[in-house]
Amino acid sequence: MGYAKEPFAGPRQVLRYLSRYTHRIAISNRRLVSADENGVAFKYKDYRLDGPARYKTMTLATDEFIRRFLIHVLPKGFHRIRHYGLLGTGARAANIAHAHQLLALPARPKEPETPEAALEQPRALPRPCPCCGSRMIIIETFARGSEPKHRPTPAPAAIRIDTS
């Protein structure tokens with residue numbers, strides 16, 4: 001087990017800091033300017049510009065504002081988690097490699113490329129299926145936006161017995 005230094009302000013301060021990022025809402029009240037029969041006006045930041053022109057106000061029809069707001073509402077039981085620091089940027093792989101180098105950890109060996117024939121065989125995962133607990137088997141892996149080659153097998157027809 002590794003050693004972790006105790007935070008300066010204590011665990012409560014760390015939890016308070018992290019909760020600001022994990023339970024953030026879609027838009028804060030201070031960004032809302034007005035709401036009337038014309039729609040909802042709110043402030044936003046245009047990241048393409050610099051200086052004072054960066055801060056703008058937008059007015060949307062009420063139904064469009066609600067639609068955009070609800071896109072950011074998570075289903076019950078889910079929590080929004082944002083990654084900052086080492087895992088936050090597009091340089092994640094480089095940051096992790098640099099951390100491994102600083103910690104003098106051995107480099108992970110690259111996995112050998114598998115031939116196409118090996119990809120056709122279903123492979124078992126080390127974790128069980130979350131629904132039934134039995135062994136989970138990957139049938140196919142396909143790229144985003146492409147169609148799967150295999151179709152799911154249809155469920156067997158229910159056997160009906162008339163006992164009247």
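Predicted model: local features only at pLDDT ≥ 70, side-chain atom pairs only at ≥ 80, totals over all residues.
Figure 1. The side chain of R68 meets that of E64 in a salt bridge, with 2.8 Å from N to O. Both residues belong to helix 2, where they are four residues apart and so separated by about one helical turn. E64 also counts as partly exposed, at 22% relative accessibility. Side chains of opposite charge can pair when their charged atoms come close.

**Figure 2. E64 and R67 in helix 2.** E64 forms a salt bridge with R67 as well, and the closest N and O atoms of this pair are 2.8 Å apart. Helix 2 covers residues 62-71, and because E64 and R67 are three residues apart in it, about one helical turn separates them. R67 is partly exposed, with a relative accessible area of 46%. The structure holds four salt bridges.

**Figure 3. A nonpolar surface patch that includes I66.** I66, L70 and V73 form a nonpolar patch on the surface. Together these residues have about 260 Å² of accessible area. I66 is found in helix 2, the helix that also holds E64 and R67. At 45% relative accessibility, I66 counts as partly exposed.

**Figure 4. The salt-bridge network of D46, R48 and K56.** D46, R48 and K56 are linked in a network of salt bridges.

**Figure 5. D46 and its surroundings in the loop.** D46 lies in the loop between strand 2 and strand 3. Not counting residues up to four places away in sequence, D46 touches R54 and K56. K56 is also a member of the salt-bridge network with D46 and R48.

**Figure 6. The hairpin of strand 1 and strand 2.** Strand 1 (residues 32-36) and strand 2 (residues 39-45) pair in the antiparallel sense. Four bridges join them. A hairpin of two residues connects strand 1 to strand 2. Across the pair, A35 stands opposite V40 in strand 2. In a regular strand the side chains alternate between the two faces of the sheet.

**Figure 7. The pairing of strand 2 with strand 3.** Strand 2 and strand 3 (residues 55-60) run antiparallel and are joined by six bridges. Where does the partner of K45 lie? The bridge partner of K45 is Y55, in strand 3. Strand 2 thus has pairings to show in two views, because its four bridges to strand 1 and its six bridges to strand 3 each meet the requirement of at least two bridges.

Figure 8. Which residues make up the largest nonpolar core? This core has five residues: I27, V40, F42, L60 and F65. Leaving aside neighbours within four places in sequence, L60 is in contact with N38, G39, V40, F42, F65 and R68. V40, opposite A35 in the strand pairing, is thus a contact of L60 because its heavy atoms come within 4.5 Å.

**Figure 9. N29 and F42.** N29 is found in the loop between helix 1 (11-22) and strand 1. N29 is exposed, with a relative accessible area of 65%. N29 and F42 are 13 residues apart in sequence, and their C-alpha atoms are 9.2 Å apart in space. F42 is one of the residues of the largest nonpolar core.

**Figure 10. The chain as a whole, for orientation.** The chain has four helices and five strands. Along the sequence they follow the pattern α-β-β-β-α-α-α-β-β. Of the 164 residues of the chain, 7% count as buried. The accessible surface comes to about 15800 Å², and 59% of this surface belongs to carbon and sulfur atoms.

Conventions. Residues numbered from 1 in each chain as written. Heavy atoms only, no water. Buried < 20%, exposed > 50% of the residue type's maximum accessible area, 1.4 Å probe, protein only. Patch = residues over 30% accessible without salt bridge, like charges linked within 9 Å, V, L, I, M, F, W, Y side chains within 5 Å. Areas by Shrake-Rupley, 256 points an atom, 1.4 Å probe, with all protein chains shown as cover. Core = buried A, V, L, I, M, F, W, Y, C linked by side-chain atoms within 4.5 Å.
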